[in-house]
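Subject: Structure handover and notes

Dear colleague,

Please find below the structure I promised to pass on, followed by my notes on it. I would be glad if you read the two side by side.

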Amino acid sequence: MNYKELYEVLKNIFEHKEPFEIVNDLNLTIETVHFNSQRVDFLNGSPQYKCVKHDKNFIDNESFTHYNLPSVDVKDFEIECNKNFDYYVLKRADIDKVEGSIIFFHGLNEKKWDKYLPWAYELAQKTNKAIILFPIAFHMNRAEEIWSDRRQMAEVSNYRKTNFKDNTDCSFVNAAISSRLEAHPQRIFWSGFQTYSDIISVINDIRNNQIKSINSHSTIDLFGYSIGSFLSMILKMADPDEVFKNSKLFCFCGGMTIDRMFPISKYIMDARAAIKMQTVFAELLSSNFKSDPRLGHFQDQILHKQESWFKMMLRYNYFQKERELRIKDFEGQIKAYVLEKDEVAPPMEALNTLQGGYRNIKIDVQIEDFPFEYSHMVPFPLTNKIQDQVTKSFNDFIDSATRFYTA
């Protein structure tokens with residue numbers, strides 16, 4: 001099958017999946033695992049903001065009515081689908097329980113796993129590992145359904161066009177995330193922190209032999225695409241309980257600090273949201289989080305050494321020495337695969353972050369330029385007439401990841 005054919009077959013299977021499904025023709029099993037997120041006390045709108053570790057309470061006077069549009073003014077704490085949801089485990093059907101697994105993180109503003117299914121399938125087939133498709137907080141099936149409703153989100157998009165004349169790249173696709181991140185850019189940390197906490201629970205479940213497809217002593221690796229690479233880097237740096245000490249991380253279209261990514265796109269976020277996010281984090285860093293004591297507490301390197309790696313990845317020129325010393329620990333454990341014409345995650349920025357300003361860190365950054373029109377959002381187009389080229393480039397990408405994970 002070419003890439004498009006594989007995509008369509010997997011998409012159809014995934015839409016009709018059972019809790020545990022065996023697809024013999026593809027040598028594939030798909031396990032659906034229900035998950036309950038326990039760490040929600042720090043989410044915006046929580047009845048009580050608390051640091052459990054230090055038994056410290058916080059007051060947050062944030063207003064949740066920014067646009068008078070209920071679809072995007074909802075409190076994070078009250079979004080039930082973000083607390084209770086399913087994630088998916090793909091593996092080869094001819095292996096009963098795998099000895100290795102890869103936690104797979106998607107990109108920003110994603111609502112469906114469709115485009116990632118061929119990636120996960122081929123990685124499972126080639127590496128003999130289980131691929132854990134885990135949704136970042138407030139994404140995929142953790143996102144409110146209304147955020148994907150074209151009519152409702154067109155109303156929000158039109159509001160942002162009409163009321164903010166200087167705004168660009170508004171669309172119904174990015175209306176929800178743009179509104180929410182402009183209203184409170186710190187959501188990037190709190191949603192990441194929830195996902196970070198969730199992943200530790202998933203690993204504990206694996207160790208307790210609660211995942212049918214995965215052996216309890218399985219190795220744990222990471223795969224991050226776009227913002228998923230950013231989250232994966234923080235997990236690797238923080239390494240809670242040394243669960244990622246020997247983990248390998250493959251960054252696809254990512255690997256740089258967040259200020260060196262350029263997410264202004266009708267598919268990701270509009271200009272106003274992107275500018276606000278960068279401005280707020282620049283101000284917070286320069287003032288040592290003076291205007292946000294709650295976030296500042298969790299970014300204190302003495303009180304919260306692991307969580308504070310977040311601030312190390314916010315801006316390239318901040319904490320560069322500390323960040324590069326830490327990344328140097330991961331020589332041979334991280335690889336980036338980046339695309340020459342990627343305007344959202346420029347390859348040069350992956351080099352700057354992962355190999356360091358003096359290029360003295362031995363992290364492999366593979367830069368490719370596919371022989372067809374592609375983008376950050378669509379690295380492997382489904383256009384019929386170029387499927388031979390797309391399939392070859394896709395296979396080269398999978399082979400590169402496979403060699404890295406199995407070396």
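With which side chain does the side chain of N44 make a polar contact? The partner is the side chain of H184, at 3.1 Å, where a polar contact is a pair of N or O atoms within 3.5 Å, of which, within protein, one must be able to donate a hydrogen and the other to accept it, and residues adjacent in sequence count only if both atoms are side-chain atoms. N44 lies in the loop between β2 (28-36) and β3 (49-51), and N44 is buried, with a relative accessible area of 0%.

Before going further, please keep in mind that this is a predicted model, in which local features need pLDDT of at least 70 and side-chain atom pairs count only at pLDDT 80 or more, while totals for chains, interfaces and linings use all residues. Residues are numbered from 1 along each chain as its sequence is written, and side-chain values use heavy atoms, with hydrogens and water left out.

As for terms, helices (H or I, at least four residues) and strands (E, at least two) are DSSP runs numbered from the N terminus. Buried stands for under 20% relative accessible area, exposed for over 50%, and partly exposed for what falls in between (1.4 Å probe, protein chains only). Contact, touching and packing refer to heavy atoms within 4.5 Å.

Helix α7

Helix α7 covers residues 227-238, twelve residues in all, and reaches 17 Å from its first C-alpha to its last, which is close to the 16 Å expected at 1.5 Å a residue, the expected span being 1.5 Å times one less than the number of residues. Twelve of the twelve residues of α7 are buried, so the helix is largely enclosed by the rest of the structure; among them are I227, F230, K236 and A238.

The axes of α7 and helix α11 (residues 320-328) come within 10 Å and cross at roughly 80°, where axes are lines fitted to C-alpha atoms, for helices over the stretch in contact, and angles run from 0 to 180 degrees between N-to-C directions. The two helices, α7 and α11, are therefore roughly perpendicular to each other, a description that applies to angles of 65 to 115 degrees. On the α7 side the contact is made by M233, K236 and M237, and on the α11 side by R323, R326 and I327. By class, the residues of this contact between α7 and α11 divide into three nonpolar, no polar and three charged, with Ala, Val, Leu, Ile, Met, Phe, Trp, Tyr, Cys and Pro counted as nonpolar, Asp, Glu, Lys and Arg as charged, and the others, Gly among them, as polar.

Positive phi angles

D239, which follows α7, has a positive phi near 45°. D241 has a positive phi of about 55° although it is not a glycine; D241 lies in the loop between α7 and β9 (249-252) and, at 66% relative accessibility, counts as exposed. D169, also not a glycine, has a positive phi of about 60°; D169 is placed in the loop between α4 and α5 and is partly exposed, with a relative accessible area of 27%.

Helices α5 and α6

Helix α5 (residues 175-183) is mostly covered, since nine of its nine residues are buried, and these buried residues pack against α2 (70-73), α4 (150-163), α6 and α8 (271-286).

In helix α6 (residues 187-207) we find Q194, which at 0% relative accessibility counts as buried. The side chain of Q194 makes a polar contact with the side chain of S37 at 2.9 Å, and, not counting residues up to four places away in sequence, Q194 touches residues including R39, N82, F138 and R142. I199 is also placed in α6 and counts as buried at 0% relative accessibility; leaving aside neighbours within four places in sequence, I199 is in contact with I103, F105, F134 and F244.

Helix α3

Finally, P118 is in helix α3 (residues 117-127) and counts as buried at 0% relative accessibility. Not counting residues up to four places away in sequence, P118 touches Y3, L6, Y7, L10 and F394.

With best wishes

Note on methods:
Parallel < 35°, antiparallel > 145°, perpendicular 65-115°, else oblique.
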